[in-house]
Amino acid sequence: MKKTLLPYCMLALALLSFSCDKEDDETNEVAPAMELSMERTFMYHDNHQTKQASYLSNDIVSGFVEDDGKLTVYLSSGPDGISFEIAEADLTNGYVGVYTLKSLPNPAIGKANTTYSYSQNGTSGSAYFSQANTMSGAIEITNYNEKHNLISGTFELTMVDVADPTLTAPTTNPRKSDVTVTGTFENAKLTTNP
């Protein structure tokens with residue numbers, strides 16, 4: 001009996017040791033690095049001039065927060081800022097999905113309440129909201145890493161024939177422009193506030 005019990009004890013010890021090593025490897029795994037990008041273009045109707053800006057991870061302040069019954073995604077760099085709010089009821093299980101932007105004439109049709117702002121010096125600028133502007137586009141979440149609570153995706157916002165976002169004061173006859181803002185977010189840490 002001693003000869004039979006010894007191999008079983010050795011096998012159990014080996015399996016236990018392997019099992020512990022595997023858990024240690026999983027807890028020591030490093031989450032992938034976050035990568036962000038955002039591009040903005042203004043195209044003016046009067047002379048077809050364009051103003052463009054591109055931003056990468058190191059230049060962008062961002063947040064990906066699930067709080068108060070909604071998911072908020074925001075990115076900001078230089079004078080440009082964009083945010084999306086998606087109600088918890090509209091989120092798919094696992095977040096992956098396409099969320100169209102709310103827009104006039106019927107903001108209730110879209111899923112993502114959207115704000116785009118342009119501020120030249122922090123005190124004056126322009127802000128465009130889903131409830132007050134015609135917007136097209138979507139925010140798409142393409143991947144959710146449950147283990148590290150990371151989301152990845154893309155976004156695009158287009159507004160046609162809006163007043164020049166660079167205006168610092170109201171005017172009776174503003175230049176008209178088309179505004180396009182696009183971007184990507186990879187491995188963005190999703191935080192949850194209770």
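Trainee: What sits over the ring of Phe42?
Mentor: The charged end of Arg40, 4.3 Å from the ring centre. The term applies if NZ of Lys or CZ of Arg is within 6 Å of the ring centre and within 35 degrees of the ring normal. Keep in mind that this is a predicted model, where local features need pLDDT of at least 70 and side-chain atom pairs pLDDT 80 or more, while totals for chains, interfaces and linings use all residues. Side-chain values use heavy atoms, without hydrogens and water, and numbering starts from 1 along each chain as its sequence is written.

Trainee: And which residue lies over the face of Tyr44?
Mentor: Arg175, at 3.8 Å from the ring centre.

Trainee: How many aromatic pairs are there?
Mentor: Five. Rings of Phe, Tyr and Trp (its six-membered ring) pair if their centres lie within 6.5 Å; planes under 30 degrees apart are stacked, over 60 edge-to-face, and the rest tilted. One of the pairs is Phe64 with Phe185, tilted, at 5.5 Å centre to centre and 45° between the planes.

Trainee: Are Phe64 and Phe185 buried or exposed?
Mentor: Both are buried. That means under 20% relative accessible area; exposed is over 50% and partly exposed in between, using a 1.4 Å probe and protein chains only.

Trainee: What about Tyr95 and Tyr144?
Mentor: They form an edge-to-face pair, 4.8 Å centre to centre with 65° between the planes. Tyr95 is in the loop between strands S5 (80-87) and S6 (97-100), and Tyr144 is in strand S9 (residues 136-145), 49 residues away. Tyr95 is buried at 13%, whereas Tyr144 is partly exposed at 22%.

Trainee: Switching to Thr114, where is it?
Mentor: In strand S7 (residues 112-119), buried at 0% relative accessibility. A polar atom of the Thr114 side chain lies 3.0 Å from the backbone oxygen of Ala112.

Trainee: What does Thr114 touch beyond four places in sequence?
Mentor: Its contacts (heavy atoms within 4.5 Å) include Ile82, Phe84, Tyr128 and Met135.

Trainee: And how many helices and strands in the chain?
Mentor: One helix and 12 strands. Buried residues make up 35% of the 194 residues.

Methods
Helix = DSSP H or I, 4+ residues; strand = E, 2+ residues; numbered from the N terminus. Polar contact = N/O pair within 3.5 Å; in protein donor to acceptor, adjacent residues only side chain to side chain.
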